[in-house]
Amino acid sequence: MELGRRAFLKVAAATTAGVAAGRGGSALGDALQASALDERVPGGVERWVTTGCTLCSGGCGARVRVVETRAVKLEGNPFHPVTGGGLCPVGQAALQLLYSPDRVKGPMKRVGDRGAGQWEPVSWEEAIGTLASQLTALRERGVPHALALVLGESRGLMPDLFRRLARAFGTPNVIEGDDADPGGIALWLAQGVRGPAAYDLENARYILSFGVPLVDGWWAPVRQMRALADVRQGLPGRRGKLVQIEPRMSPTAARADEWIPVNPGTEGALALGIAHVLVADLLFDRRFVAERTLGFQDWTDADGHSHLGFRTLLVREYTPDAVAEITGVPAETVRRLAHEFAAYGPGLALGPRIGHERAIETALAIHAVNALAGRIDRPGGVLVPRSAPSPSWSDAEPDPVASRGLAMPRLDGAGEEFPVAESSLRGLTSALGSGEPYPVQALLLWRANPGFAQPSPRRFLEALAQVPFVASFSSFLDETTQYADLVLPEHVFPEGWQHVPPPPGLPYPVVTFAQPAVEPLHDTRHTGDVLIALAAALGGSVRQALPWADFQQVLTGVAEALYRSRRGMVFIRHEEVFPPRPLRELEWAPPPYASFDEFYEELIANGGWTDPSYRYGDWGRVIRTSSGKFEFYSQTLRRVVDARAEAEGLTVEALLDRLGWSVTDERAFLPHYEPPGVAVEPRYSRHLHAFRLLSLGDGRRANQPYLQEILGVEAGVQWNSWIELNPETAAELGIGDGEWVWVESPAGRARVRAKVYPGIMPGVVAMPEGQGHTALGRYAAGKGVNVMELIGTEVEPLSGAPVLTARVRVYKAQEAATQEAETHG
């Protein structure tokens, strides 16, 4: 094999990294193979195709360099209003998915035992016919609700099509596998608005981030990196400031102006301590609090019942000294943070991270800090996203069979067992295994791999054995798809037409249109086209719900709605209108177009549409509670809990006690601190902190070699997993840097190398997510360990969201026999 200079440098880097990680020849072989694939660039005619990246929720614009018929490079789209030509390493490495040798090359049906890897290629006509036959049988038996759909994404046109199909078919069981955003739930409980909050990062001058990984994979990393650069512009003493609060110095904390170490799970207490100082020192926005909030002072409702006020609770329980005892953050630091937050200018508090042990209570406490400072719907504060114009699709009325199915209870307990949840994958897992409230007869998976990415993933795979028919729309044989009966592989970016929704957290609408840059390499199809063909095969009201000829017609309908709205604009050069400071309050009048065809041509050529306007203080839109005010005392939460208690025949106090809350009185409906609730066995005394990497995310990108090479740059680890220990903890355990150790929890154990790292609190053990695959492809399988195997089945009690932490013990690998004897002795 001949290597060019670029390939040689890549191989050298990968080999060095592999040796450091203890992999040696394996790393060399992987790198040689990946580099050889990358070097096969043809000569010929060159062109650039404008498209959009679909590999995470960031919604980035992209341009693909194509030589003849082969895509050879990706760059950012300079016309894109959010990313302005930026593209993260995940987008840069996308071609390794496109040209991966591990892609599923056409539809397949299982011919051996589940998980045995025995497949037979079939035509698309047979595959869609098989799926239609399985689903038709459910409707004929009058059990359409026995179909469940697991979606790995919840935003955009494709989830909408799945939901329309499910409603017309007659199942309430659409489960969205992407993790519930605690900030979005807090927005609903305090302001009555469903959906993720928008954070005006670009116009904030002081950001308190409670564990949110702004630059290492949360929501829209390119947008957030650019926003933080804006925050830091200015003369010394006038530039903005980012304070990162979390137990581990993450890449975000390393790039922050200040890192505040905090005891795991106590971020909510710190937020309440800051709120105490804002109130006690009269630093809060008294006009906003008086005019726009409910429950700040002690109050009496319309029925004459007295209620505790948020101010009273703060004064009594969350003094800086009391908070310091809980969090480990000195009282003087608590006071300083509050004064800085009030003095710097527009301050913004956000968090916590997904998977927090007490996510909702913590999110409510953080959101209360924004309300006290008057940062609700103001420049640099917490906003409510505006929506883009959308097509007026007529809703096909469910037929009698579908109506009976839709009346059945959801399998996952959303809205009942988990009263504030819209869906719960953990709840679905329990239902699959138990067969309650009814057995699942068919399961469809789209961009979801719960057999790897959820805590205790083997539990999901074991439950999957109870489902007679499983179909997966996956491009790769991941851990869950291996157990499917039918695989219907979809196009890989950038092969097909895509609708890329705006990134969560963005205040104004952006719609990115991704056109195909190359013809499909294999016999794959867009999943939208498959759903439309499936609806045609099912016929009746299901066909009426998806009446289009193909997905491109659906996408054209979105473009027509934008054209008819006469607002916003097609993307233009970033520097001509952005960044908005503050967001412009007047809507943009689009330039005149002679016809829709002219508009559409420019829309596709430039990559999309946006309307960068925002009307601040539109209180009827951004506060929709029954009181019409921001509710420190959440009447929404009170109604939800009251209804659940009545359904279970319990008092409110008894229900809250069953949910594991430490307070069961009036304080439960105010922002308050709940201690971490994960059960502790005496021998498991360390706190496991699972964290995501920008490169791998939840693990779906682990089969891209370049991302494996850069995954642990700060730790000096590639192609593997590791744990991080504070020097004090390492010395106490007698563990040296680079030594092999066992990490054990009640759920499982894993053998990894230890990295002694001063940027983590004593007693905390940090491990990255995304490694430890047993499938997905040759570059992912067998690399490291899956931290989800160490995490149990605990969930956040109100939302059913998984708790991504555990209590563990750590010991040297050579001591395993001794430890094993102690465990079973």
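**Exercise 1. Determine where Leu95 is found, whether Leu95 is buried or exposed, and which residues Leu95 is in contact with.**

Step 1: Leu95 is found in helix H4, residues 95-98, where helices (H or I, at least four residues) and strands (E, at least two) are DSSP runs numbered from the N terminus. The model is a predicted one, in which local features need pLDDT of at least 70 and side-chain atom pairs count only at pLDDT 80 or more, whereas totals for chains, interfaces and linings use all residues. Residues are numbered from 1 along each chain as its sequence is written, and side-chain values use heavy atoms, with hydrogens and water left out.

Step 2: Leu95 has a relative accessibility of 13% and therefore counts as buried, given that buried means under 20% relative accessible area, exposed over 50%, and partly exposed in between, with a 1.4 Å probe and protein chains only.

Step 3: When neighbours within four places in sequence are left aside, Leu95 is in contact with Ala71, Val72, Lys73 and Leu74, contact meaning heavy atoms within 4.5 Å. Leu95 and Val64, which are 31 residues apart in sequence, lie 9.6 Å apart in space, C-alpha to C-alpha.

**Exercise 2. Describe where Trp188 is found and which residues Trp188 touches.**

Step 1: Helix H7, residues 182-191, holds Trp188, and Trp188 is buried, with a relative accessible area of 15%.

Step 2: Not counting residues up to four places away in sequence, Trp188 touches Val193, Arg194, Val420, Thr636 and Val640. From Trp188 to Phe418 there are 230 residues in sequence and 15 Å in space, C-alpha to C-alpha.

**Exercise 3. Work out how helices H6 and H22 pack, and which residues make the contact.**

Step 1: H6 (residues 157-169) and H22 (residues 551-565) pack at an angle of about 110°, with their axes 12 Å apart; axes are lines fitted to C-alpha atoms, for helices over the stretch in contact, and angles run from 0 to 180 degrees between N-to-C directions.

Step 2: H6 and H22 are therefore roughly perpendicular to each other, since angles under 35 degrees count as roughly parallel, over 145 as roughly antiparallel, 65 to 115 as roughly perpendicular and the rest as oblique.

Step 3: On the side of H6 the contact is made by Leu157, Met158 and Leu161, and on the side of H22 by Phe551, Val554, Leu555 and Val558. By class, this contact of H6 with H22 has seven nonpolar, no polar and no charged residues, where Ala, Val, Leu, Ile, Met, Phe, Trp, Tyr, Cys and Pro count as nonpolar, Asp, Glu, Lys and Arg as charged, and the others, Gly among them, as polar.

**Exercise 4. Describe how H10 packs with H13 and with H12.**

Step 1: H10 (residues 267-280) and H13 (residues 320-327) pack at an angle of about 165°, with their axes 9 Å apart, and are therefore roughly antiparallel to each other.

Step 2: In this pair, Ala269, Leu270, Gly273, His276 and Val277 of H10 meet Pro320, Val323, Ile326 and Thr327 of H13. The contact of H10 with H13 has, by class, six nonpolar, three polar and no charged residues.

Step 3: The axes of H10 and H12 (residues 310-317) come within 9 Å and cross at roughly 105°, so that H10 and H12 are roughly perpendicular to each other.

Step 4: Here Leu272, Ala275, His276 and Val279 of H10 meet Phe310, Arg311, Leu314 and Val315 of H12. By class, the contact of H10 with H12 has six nonpolar, one polar and one charged residues.

**Exercise 5. Identify the residues with the most contacts inside the largest nonpolar core, and follow the contacts of Phe632.**

Step 1: The largest nonpolar core has 97 residues, and those with the most contacts inside it are Tyr199, Leu208, Phe210, Ile274, Leu372 and Phe632. Such a core is a set of buried Ala, Val, Leu, Ile, Met, Phe, Trp, Tyr and Cys residues joined through side-chain atoms within 4.5 Å.

Step 2: Leaving aside neighbours within four places in sequence, Phe632 is in contact with residues including Phe296, Phe310, Leu372 and Phe669.

Step 3: A second, separate core of 57 residues includes Leu147, Leu151, Phe162 and Leu603.
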